[in-house]
Amino acid sequence: MPGTRKLGRTTDHRMAMLKGMVTYLFEVGQIETTYTRAKEVSALAEKMITVGKANDLAAKRKAFAFLKKEEVVYKLFSEIAPLYKDVNGGYTAVYKLGPRRGDGAEMAIIKLLNADSLYKVVEEDAKAAKKAKKEEEKKED
């Protein structure tokens, strides 16, 4: 369940860290961090993209309250959220990298998935559904 990892920090420190990481993720497109942090950031980033898809005043206020930079909020509403308008979830991906040299912590890269690849998946699913429907109709005849 997302949001239950304490990450060895107090609540205020943890939320400030995660908000900063989500802001940086939207600003740059990908970040490298530990695997557990990446999973937490992924959950929060997906929620913020879903908020951005609403594109109303309440959503903008929620985004301004969560994200650290004003230009990142504008980027969320004008560039990022419209890319995923036809997709329900799965906006980010977490890739494991291996252990960190100093302390052996499992490292990962979290990145925003390319909307083009998401659209291809959606289109392929739609084509497969149409093909299955046509095959069913042929069997019925």
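**Salt bridges in a predicted model**

Arg5 counts as partly exposed, at 27% relative accessibility. The model is predicted. Searching the whole structure gives three salt bridges, and Arg5 takes part in one of them, with Glu40 as its partner.

**Arg5 and Glu40**
- The side chains of Arg5 and Glu40 form a salt bridge with an N to O distance of 2.5 Å.
- This pair joins distant parts of the chain, 35 residues apart: Arg5 lies in the segment before helix H1 (11–28), and Glu40 belongs to helix H2 (residues 35–54).
- Glu40 has a relative accessibility of 3% and counts as buried, because buried means under 20%.

**Glu27 and Lys69**
- A salt bridge also forms between Glu27 and Lys69, whose closest N and O atoms are 3.2 Å apart.
- Glu27 is partly exposed, its relative accessible area being 30%.
- Lys69 is likewise partly exposed, at 34% relative accessibility.

**Arg100 and Asp103**
- Arg100 pairs with Asp103 in a salt bridge, and the closest N and O atoms are 2.9 Å apart.
- Arg100 counts as partly exposed at 36% relative accessibility.
- Asp103 has a relative accessible area of 53% and is exposed, because exposed means over 50%.

Conventions:
Residues numbered from 1 in each chain as written. Predicted model: local features only at pLDDT ≥ 70, side-chain atom pairs only at ≥ 80, totals over all residues. Heavy atoms only, no water. Salt bridge = Lys/Arg side-chain N within 4 Å of Asp/Glu carboxyl O. Helix = DSSP H or I, 4+ residues; strand = E, 2+ residues; numbered from the N terminus. Buried < 20%, exposed > 50% of the residue type's maximum accessible area, 1.4 Å probe, protein only.
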